[in-house]
Amino acid sequence: MSAVQAVAARAGAPIGADFAVMSLSDRLKPWEVVVKRLRAVAEADLVLALYNPRSRSRTEQVAQARAVLLEHKSPRTVVVVGRDIGRAGESLTVTSLGELDPGSIDMKCLLIIGASATRVTAAGRVWSPRFVP
């Protein structure tokens with residue numbers, strides 16, 4: 001099971017529809033490529049899972065990615081932050097793209113940024129419908 005699936009399962013069903021998975025690391029590809037891909041996913045209105053969000057030497061990528069996504073997504077877009085899922089001390093936070101604090105994200109986190117149709121139930125479960133007409 002991948003980290004994306006583990007976080008999604010804890011959250012509910014946020015990746016029940018089309019989704020993309022990306023690394024925010026620019027170690028093996030230029031940051032410009034990451035930004036181009038972020039824009040493409042945001043314009044396509046896909047759910048997006050982000051791994052490798054931050055490291056000791058890469059501290060600005062989450063804030064920059066958030067800014068790029070906000071060019072195309074509402075600040076109310078649902079965001080799930082899973083930290084250490086499957087390990088002792090795991091945590092799951094549901095927030096919005098506008099409220100996401102990049103400073104709270106570290107390498108132990110995986111982020112799932114919802115599509116425009118992604119919702120949160122009254123019980124706090126996150127889900128994305130398979131099709132929105």
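Partly exposed means a relative accessible area between the under-20% of buried residues and the over-50% of exposed ones. Arginine 83, at 23% relative accessibility, therefore counts as partly exposed. Keep that scale in mind for this tour of a predicted model.

**Stop 1: arginine 83 and its partner.** Select arginine 83 together with aspartate 106. Their side chains meet in a salt bridge, 3.4 Å from N to O. Arginine 83 sits in strand β4, and aspartate 106 in the loop between β5 (91-96) and β6, so the pair ties together parts that are 23 residues apart in sequence. Aspartate 106 is partly exposed too, with 28% relative accessibility.

Stop 2: Move to aspartate 84. Its side chain forms a salt bridge with that of arginine 87, again 3.4 Å from N to O. Buried or exposed, where does aspartate 84 fall? It counts as buried, because its relative accessibility is 15%. Arginine 87 is exposed, at 56%.

**Stop 3: lysine 73.** Select lysine 73 and aspartate 45. The closest N and O atoms of this salt bridge are 3.9 Å apart. Lysine 73 lies in the loop between α3 and β4, aspartate 45 in the loop between α2 and β3, so the contact ties together parts 28 residues apart in sequence. Lysine 73 is buried, at 7% relative accessibility. Aspartate 45 is partly exposed, at 33%. Across the whole structure, a search finds six salt bridges.

**Stop 4: strands β2 and β3.** Now show residues 19-23, strand β2, where phenylalanine 19 is found. Strand β3 (residues 47-51) runs parallel to β2, and five bridges join the two. Valine 47 is the bridge partner of phenylalanine 19 in β3.

**Stop 5: the surface patch.** Stay with phenylalanine 19, which is partly exposed at 36% relative accessibility. With Phe19 they form a nonpolar patch on the surface, about 260 Å² of accessible area together.

**Stop 6: the core.** Finish inside. The largest nonpolar core has 23 residues, and Leu24, Leu38, Leu48, Leu50 and Leu111 touch the most other members. At least two residues of this core come from each of β2, α2, β3, α3 (61-70), β4 (78-83) and β6 (109-113). Which element supplies the largest share? Colour α2: six residues of this core come from that helix.

How values were computed
Residues numbered from 1 in each chain as written. Predicted model: local features only at pLDDT ≥ 70, side-chain atom pairs only at ≥ 80, totals over all residues. Heavy atoms only, no water. Patch = residues over 30% accessible without salt bridge, like charges linked within 9 Å, V, L, I, M, F, W, Y side chains within 5 Å. Areas by Shrake-Rupley, 256 points an atom, 1.4 Å probe, with all protein chains shown as cover. Salt bridge = Lys/Arg side-chain N within 4 Å of Asp/Glu carboxyl O. Helix = DSSP H or I, 4+ residues; strand = E, 2+ residues; numbered from the N terminus. Buried < 20%, exposed > 50% of the residue type's maximum accessible area, 1.4 Å probe, protein only. Pairing = 2+ DSSP bridges. Core = buried A, V, L, I, M, F, W, Y, C linked by side-chain atoms within 4.5 Å.
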